[in-house]
Amino acid sequence: MTRTVYVNGEYLPETEAKVSIFDRGFLMADAVYEVTSVLDGKLIDFEGHAVRLKRSLDELDMAEPCTKEELLDIHRKLVELNGIDEGLVYLQVSRGSDGDRDFVFPSADTPPTLVLFTQNKPGLADNPAAKKGAKIISIEDIRWGRRDIKTVQLLYPSMGKMMAKKAGCDDAWLVEDGFVTEGTSNNAYFVKAGKIVTRPLSNNILHGITRKAVMRLAKEAQMEVEERLFTIDEAKAADEAFTTSASAFVMPVVEIDGVALGDGTPGPIARRLREIYLDEARKTAI
Ligand code: PDD
């Protein structure tokens, strides 16, 4: 089926959607994005993604392409037009183009480029990968210093994912100055003696929307959560580990750099958090 996508005010078949070759998203990675999951045909944590998008735009002095209400309408319309029951909505805003390549930003009244499309992912919630758990390698974090802004500069995270695949693993955790920052496209956690440990928010990591919800739900379930720097060796010695993201929810981690965690299967806290999160996400979806 040909997808219907959204480009700058128009709903078009994906084969007919066009963006200028001078677009700064294309030439300079001068663009930000959001990925919102869909369960039962409804959006998960739309509000959180909309707030973070606004923050990313503000940090880069980029104009808002439309109101939050309009964004919600576009998301909902695409989900409906493409018959998405479980999947993702990808949104990207770039600084647009004034018809040439220049390091200097185009004038502030240059319209931003707004693109949205859906990804159909039947079985996203009941993902067999979550029952198996993910195998992780650690690699050096050589990304830029403003990882709190959700830009489309994803070459190094893609390379990290490929390094993991090459090593027969699923994903990579990034390590800077001896401490784990996050995963290539997720936030990272380990569990030791019942306590969940994750890195505190800063410019060094993305402020995950799923992270926020999972931390709240963990505390509500009387689980102990500590935000502090941690090393890959601590994670390797953990009872269990997991990652969070809008696209994979809570994903158990069963191996780090060839070392099996616990008995090498998804741990009870990660499994429970996945269950609680999915339950809450479905209840609050809009
Ligand atoms: N990635 N850290 C990084 C570097 C990410 O790219 C992501 C999300 C997260 C988790 O954030 P959230 O819970 O808001 O999805 C953390 C998305 C899913 C992606 O790039 O596809």
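Visitor: Which residues does Thr 210 touch, not counting residues up to four places away in sequence?

Guide: With those neighbours set aside, Thr 210 touches Thr 244, Ser 245, Ala 246, Phe 249 and Tyr 277, where contact means heavy atoms within 4.5 Å. This is a predicted model, in which local features need pLDDT of at least 70 and side-chain atom pairs count only at pLDDT 80 or more, while totals for chains, interfaces and linings use all residues. Residues are numbered from 1 along each chain as its sequence is written, and side-chain values use heavy atoms, with hydrogens and water left out.

Visitor: In which element does Thr 210 lie, and is Thr 210 buried or exposed?

Guide: Helices (H or I, at least four residues) and strands (E, at least two) are DSSP runs numbered from the N terminus. Thr 210 belongs to helix 6. For accessibility, buried means under 20% relative accessible area, exposed over 50%, and partly exposed in between (1.4 Å probe, protein chains only). Thr 210 is buried, because its relative accessible area is 3%.

Visitor: What does the side chain of Thr 210 reach?

Guide: A polar contact is a pair of N or O atoms within 3.5 Å; within protein, one must be able to donate a hydrogen and the other to accept it, and residues adjacent in sequence count only if both atoms are side-chain atoms. Here the Thr 210 side chain reaches the backbone nitrogen of Ala 246 at 3.1 Å.

Visitor: With which side chain does that of Thr 244 make a polar contact?

Guide: The partner is the side chain of Tyr 189, at 2.8 Å. Thr 244 is part of strand 13 and counts as buried because its relative accessible area is 1%. Residues touched by Thr 244, beyond four places in sequence, include Asn 186, Asn 187, Thr 210, Arg 211 and Phe 249.

Visitor: Where does Glu 240 lie, and which backbone nitrogen does its side chain reach?

Guide: Glu 240 also lies in strand 13. Its side chain reaches the backbone nitrogen of Ala 270 at 2.8 Å. Ala 270 is also one of the residues in contact with Glu 240 once neighbours within four places are left aside, along with Phe 190, Val 191, Leu 261, Gly 267, Pro 268 and Ile 269.

Visitor: How should I read a positive phi, and what is the value for Phe 249?

Guide: A positive phi is noted here for residues other than glycine, and that of Phe 249 is near 60°. Phe 249 is in strand 14 (residues 249–256), and it counts as buried because its relative accessibility is 0%. Phi of Asp 45 is likewise positive, near 50°. Asp 45 sits in the loop between strand 4 (42–43) and helix 2 (46–59), and is partly exposed because its relative accessible area is 29%.

Visitor: Which residues come nearest to the ligand?

Guide: A residue is near a molecule or strand if one of its heavy atoms lies within 4 Å of it. The ligand has 19 residues around it, of which Tyr 33, Glu 182, Ile 209, Thr 210 and Ala 246 come nearest. By class, this shell has five nonpolar, 10 polar and four charged residues. Ala, Val, Leu, Ile, Met, Phe, Trp, Tyr, Cys and Pro count as nonpolar, Asp, Glu, Lys and Arg as charged, and the others, Gly among them, as polar.

Visitor: From which domains does the shell around the ligand draw at least three residues?

Guide: Domain bounds come from an automatic or database domain assignment. The shell draws at least three residues from each of domain 1 (4–120) and domain 2 (128–284). The domain centres, taken over C-alpha atoms, are 26 Å apart, and 22 residues of domain 1 are in contact with 20 residues of domain 2.
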